[in-house]
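Student: I'm new to this one and don't want the whole tour. Could you pick a single part and take me through it closely?

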Amino acid sequence: MPTRPLRIAPSILSADFARLGDEVKAIVDAGADYIHVDVMDGHFVPNISFGAPVMQSVRGVTDKIFDVHLMIAPVDPYLADFANAGADIITVHAEAGPHLHRSLQAIRAMGKKAGVALNPATPVAAIQHVIDDCDLVLVMSVNPGFGGQSFIPESLNKISQARALIGGRAIDLEVDGGVSAENARAIVAAGANVLVAGSAIYAGNDAATYAGRIKAIRDAATGLLV
Ligand code: DX5
Ligand code: ZN
């Protein structure tokens, strides 16, 4: 079980981009803990989302943690852009380049929290030797690139392995992809403490629904809903 506080991190990938500032404010008002920012380059993943200038344009609407998930390769040349645009946590993929240790060091050197993400086929052992350079481990429970995909059940085994590797370290264990009130309990039971949810919160883009959806995930994760 997690030793860190539960955090719900709505992904703005599923927000209405025409109203992005309002959509960020709406999930903050609805109880979001982190703002999950999915950056895609059409190269590392088969989709393009947005970059640092778009993120910076909404940074001012809240002082909540901006949890930036970089699905881009190469990643090192862009780390400073996201740090300067107001990221709090910057997560790079273990598969994004040959020098993961260097990327994590660079993020911390800019005063930001350093995260590392693992695609579904990447073993937890890939980060064994950099675990003390991480502030967050992100287990991808879908193949990154798109919102609205189904949770890959094997991810639960991987979350348990990542939890074992983290042990008592002050590292967030985040899960991203297909998270909902239906599977939140199992995900947290396996050891995660940060739940990313895009479509499960933003589907329909009606701000009136966000608080109830965030609460449903939080209640499920904490065992209040079974
Ligand atoms: C997937 C992204 C996710 C995505 C999650 O590549 O990293 O953050 O937005 O969306 P859902 O919750 O709809 O699977
Ligand atoms: Zn993500």
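**The pocket and the loops beyond it**

Tutor: Let's start with Asn205, which lies in the loop between α7 and α8 (210-221). Its phi is near 50°, a positive value in a residue other than glycine. Most residues other than glycine have a negative phi. Helices here are DSSP runs of H or I with at least four residues, strands are runs of E with at least two, and both are numbered from the N terminus.

Before we go further: this is a predicted model, where local features need pLDDT of at least 70 and side-chain atom pairs count only at pLDDT 80 or more, while totals for chains, interfaces and linings use all residues. Residues are numbered from 1 along each chain as its sequence is written, chains are lettered from A and ligands numbered from 1 in the order written, and side-chain values use heavy atoms, without hydrogens or water.

Now to the part itself: the space taken by ligand 1 is the largest pocket. A pocket is an open set of points on a 1 Å grid over the protein atoms alone, where a 1.4 Å probe fits, with protein on both sides within 12 Å along at least five of seven lines; a molecule sits in it if more than half of its atoms lie within 2 Å of its grid points. This one has a volume of about 240 Å³, the space filled by probe spheres set on points joined across faces, edges and corners. It is lined by 25 residues (an atom within 4 Å of a point), and Phe146, Gly147, Asp176, Gly177 and Gly178 are the closest to its centre. Two or more lining residues come from each of β2, β3, β8 and α7 (199-202).

What about the ligand's own neighbours? Ligand 1 is surrounded by 20 residues (a heavy atom within 4 Å), with Asp38, Gly145, Gly148, Asp176 and Ser199 the closest. β2 (34-40), β3 (65-71) and β8 (194-197) each supply at least two of that shell, and β2 gives the most, three residues.

Look at the polar contacts, pairs of N or O atoms within 3.5 Å. Oxygen atoms of ligand 1 lie 2.8 Å from a polar backbone atom of Gly178, 2.8 Å from a backbone N or O atom of Gly198, and 3.3 Å from an N or O atom in the His69 side chain. The protein covers 100% of the 380 Å² of accessible area that ligand 1 has on its own (Shrake-Rupley method, 1.4 Å probe).

Key: A polar contact is a pair of N or O atoms within 3.5 Å; within protein, one must be able to donate a hydrogen and the other to accept it, and residues adjacent in sequence count only if both atoms are side-chain atoms.
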